Amino acid sequence: MYEKKTSRIGNCIPTIPFAISYEVVFLLFFTCICASVSLLSSCNDPYAGMRFSRNFRETHFIELQPFEYDRSVKPQLLSSKIRVVYGFRSIINPELLLPNDLLNYEKGRRYDAPRVLKYLKELKSDSNALIVGITSADIYTSKRDRSGKIRKPEYKYKIWGIFGLATCPGNSAVISTKRIKHPDGRQYEERIIKIILHEIGHNLGLKHCSDKKCLMTDAVEKISTIDNASSELCRKCSLQIGE
């Protein structure tokens with residue numbers, strides 16, 4: 001469910017006056033080729049994150065948008081954790097109800113997560129960096145194969161319950177606390193924090209990390225993976241979005 005930006009490199013060989021020496025022509029051509037390779041690498045590198053300056057992080061906020069949220073973890077705590085890991089300050093929006101047309105009842109009451117992301121984009125202020133929806137309601141997506149078709153058996157994967165979803169890179173994410181309940185309040189709190197930070201990482205362009213202790217490790221549909229992961233980025237992931 002990632003959104004990936006691509007770019008095209010046009011013809012960059014300049015028109016050279018006949019009087020210019022062959023050395024100058026070669027230098028210009030070599031510089032142009034190097035620039036093209038650099039641009040292609042940054043566009044297609046599956047591990048390339050989005051870098052934001054310290055000034056940008058200070059002046060552009062992350063919006064936390066509660067939807068039917070039981071506030072078992074105070075948004076203020078989530079805001080402080082976001083600040084520590086990513087350097088962005090957060091603002092907490094007034095609570096809203098998700099539109100009923102985003103609901104699906106095939107497997108109980110669940111909201112369509114990809115459509116929630118689109119709805120969040122409409123809510124986000126243009127002056128802020130991104131927006132994260134937080135809900136206690138159940139959310140789902142459809143699991144698809146490489147061809148884009150829903151995986152088989154379709155009855156299992158068409159309405160697939162998830163912890164969270166984000167555009168990668170992008171500016172909207174949503175997490176649900178429905179599937180991560182735990183009798184230990186502290187562990188429940190840690191789960192929510194890790195999932196929010198994980199989805200924000202995707203918004204910033206980070207892919208899943210092979211380091212099982214990294215915040216960006218793939219949960220592979222197991223809550224135990226989240227419990228075993230850290231609430232911090234590994235050095236490799238941190239460098240990808242650093243200044």
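I started with the surface: the chain exposes about 13800 Å², and carbon and sulfur atoms supply 56% of it. These areas come from the Shrake-Rupley method with a 1.4 Å probe, and for residues only the protein chains shown count as cover.

A note on what I am looking at: this is a predicted model, in which local features need pLDDT of at least 70, side-chain atom pairs count only at pLDDT 80 or more, and totals for chains, interfaces and linings use all residues. Residues are numbered from 1 along each chain as its sequence is written, and side-chain values use heavy atoms, with hydrogens and water left out.

Next I looked up the overall make-up. I found eight helices and nine strands in the chain; helices (H or I, at least four residues) and strands (E, at least two) are DSSP runs, numbered from the N terminus. Of the 243 residues, 43% are buried, meaning under 20% relative accessible area, with exposed over 50% and partly exposed in between (1.4 Å probe, protein chains only).

Then I turned to helix H3, residues 75–86. Its twelve residues should span 16 Å at 1.5 Å a residue, and the end C-alpha atoms are 16 Å apart, which agrees. The expected span is 1.5 Å times one less than the number of residues.

I listed Pro75, Leu78, Ser79, Ile82 and Tyr86 as the buried residues of H3. They cover an arc of only 105° around the axis, so they sit on the same side of H3; the arc is that of the directions from the helix axis to the C-beta atoms. Gln76 and Val84 are exposed on the other side.

Last, I checked just past H3, where glycine 87 takes a positive phi of about 85°.
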